[in-house]
Amino acid sequence: MSERTHIYIYTKHDEKSLEKKMILTEMFSKYGFTAVDDAQNSNIIISLGGDGAFLQAVRKTGFRQDCLYAGISTTGTLSMYCDFYFHEMETMIQAVLRSEIEIRRYPILQVIVDNNPPFYCLNEFSIRSNIIKTFVLDVVIDNLHFETFRGDGMIISTPTGSTAYNKSVNGAVVDPLLPCFQVSELASVNSNTYRSLGSSFILSGQRQLTLRLKQDGNDFPTMAMDNESLSIKHVESVNITLSDRLVKTVKLKNNSFWEKVKRTYL
Ligand code: NAP
């Protein structure tokens, strides 16, 4: 950590955020860090905002493997990706310099839609019918046809994404030390004609999940990678695996994932 001195600060461009960015830049330079304007020249990437800003910071900087990411909260509360309060930054920098921090690694998804280049998700990949009609997906695990799903859509979440959209549909909260991903349904039709599992299920990181869309006219779904929508229109097949990339973040000791879950939800 001590050799990492080049910091890129990702934030919104409104006046208040830019003011905070300036304050932070000055504070870092006091301690020997250099703030850079181009993320490519950094080895620490900091987001200012909430979890949404952290997701964007990771995406816009290309899920860098050679950088450490840190989320700084400006919302007044700490959140799942934001471990540090803006007003306590000086304490955080001193802790960093005293090596009182640890590095944690978050699994991410690799998603390939038809023959397009892969993209990555830190929270989840979601796919939903684009019209007020159900759509049909064949769900294939490795080479096994597992089920045919009919309903609104599906959420494929990472362990850290398990507390986000996935949790709102009663998916399980998953420890990010487990390399795995979770599949949760959005309003499946279950009857004597249509049947899918109904509950969320968790796949090992060694597995491959394929979603094949029935080509019945409703094959132009809404798809999102975290908080960004995907502009691909017509889709036949989506291939999802756990990436061998990891997002590395800094954490203070005594601030585990489960402490964060407790702090946020209990
Ligand atoms: P948003 O719709 O403005 O906010 C969604 C909320 O989820 C925010 O409070 C956000 O925290 C929080 N959040 C984001 N990632 C989280 C995580 N890993 N664990 C717990 N909470 C998390 O969108 P956004 O802020 O850009 O976040 C995008 C995420 O929203 C998506 O990746 C998806 O997971 C989630 N989402 C949830 C639903 C739902 O629950 N029905 C629907 C669509 C999307 P901050 O306020 O700190 O940013």
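Around the ligand sit 17 residues, and those that come nearest are Asp 51, Glu 124, Thr 163, Ser 168 and Asn 227; a residue counts as near when one of its heavy atoms lies within 4 Å of the molecule. The model is a predicted one, in which local features need pLDDT of at least 70 and side-chain atom pairs count only at pLDDT 80 or more, while totals for chains, interfaces and linings use all residues. Residues are numbered from 1 along each chain as its sequence is written, and side-chain values use heavy atoms, with hydrogens and water left out.

Sorted by class, this shell holds six nonpolar, eight polar and three charged residues. Here Ala, Val, Leu, Ile, Met, Phe, Trp, Tyr, Cys and Pro are nonpolar, Asp, Glu, Lys and Arg are charged, and the others, Gly among them, are polar. Domain 1 (6–99) and domain 2 (108–244) each give at least three residues to the shell, with the bounds taken from an automatic or database domain assignment. Helix α2 (51–60) and helix α4 (165–168) each bring at least two, and α2 gives the most, three residues. Helices (H or I, at least four residues) and strands (E, at least two) are DSSP runs numbered from the N terminus.

Now for the polar contacts (pairs of N or O atoms within 3.5 Å). A polar side-chain atom of Ser 168 is 2.5 Å from a ligand oxygen, and an N or O atom in the side chain of Thr 163 is 2.6 Å from a ligand nitrogen. At Gly 52 a polar backbone atom takes part instead, 2.8 Å from an oxygen of the ligand. On its own the ligand exposes 820 Å², of which the protein buries 58% (Shrake-Rupley method, 1.4 Å probe).

Definitions and conventions:
Polar contact = N/O pair within 3.5 Å; in protein donor to acceptor, adjacent residues only side chain to side chain.
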